[in-house]
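Dear colleague,

I am passing on the structure below, and after it you will find my notes on what turned up when I went through it.

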Amino acid sequence: MAHTKFHASDPAAGLPVQPDDVSFSGISWFVVILTVTTLFCAGVVWVMFRVIDNRVVAADAPRSPVARPTGELPPGPNLLTDEPSGLKTFRESEQNALTSYGWIDRNAGTLRIPIDRAKDLLIQKGLPSR
């Protein structure tokens, strides 16, 4: 045990002095044992995760022979992966349908006219009445 000794001044004669009973070697050993134990436990956990991962891979079902190759998309409709781009494309096609002439069904003779022209014709001719 280490005892603290004051070199600068001598304690008063006759007064009891309480020794400093701090064991620095005990603290050092505690830190060393704690570090070794922590590293050992981390190693055990790492090994167990590797074992469990190998078991999962071994127990995994083999790929079906009729499955599609990796990276090939299934037949549509598929999930949207880029919604803003899809919405922009949809709005452009709707805007084009509302503002241009075109065929709806060429065999039946059905045409599409711009919405503004359709409103003007409706105002001129009116709605049919009974």
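**The salt bridge and other features**

Glutamate 72 counts as partly exposed, at 42% relative accessibility (buried means under 20% relative accessible area, exposed over 50%, and partly exposed in between, with a 1.4 Å probe and protein chains only). Its partner in a salt bridge is arginine 68, the closest N and O atoms being 2.8 Å apart, and arginine 68 is likewise partly exposed, with a relative accessible area of 38%. A search of the whole structure finds one salt bridge, the term being used for a side-chain nitrogen of Lys or Arg within 4 Å of a carboxyl oxygen of Asp or Glu.

Please bear in mind that this is a predicted model, in which local features need pLDDT of at least 70 and side-chain atom pairs count only at pLDDT 80 or more, whereas totals for chains, interfaces and linings use all residues. Residues are numbered from 1 along each chain as its sequence is written, and side-chain values use heavy atoms, with hydrogens and water left out.

Strand 1 (residues 102-105) and strand 2 (residues 110-112) run antiparallel and are joined by three bridges (two strands pair if DSSP finds at least two bridges between them; strands are DSSP runs of E with at least two residues, and helices are runs of H or I with at least four, numbered from the N terminus). Aspartate 105 has threonine 110 in strand 2 as its bridge partner. The two strands form a hairpin with four residues between them, and glycine 109 in the turn has a positive phi of about 80°.

Finally, valine 31 lies in helix 1 (residues 24-59) and is partly exposed at 44% relative accessibility.

Best wishes
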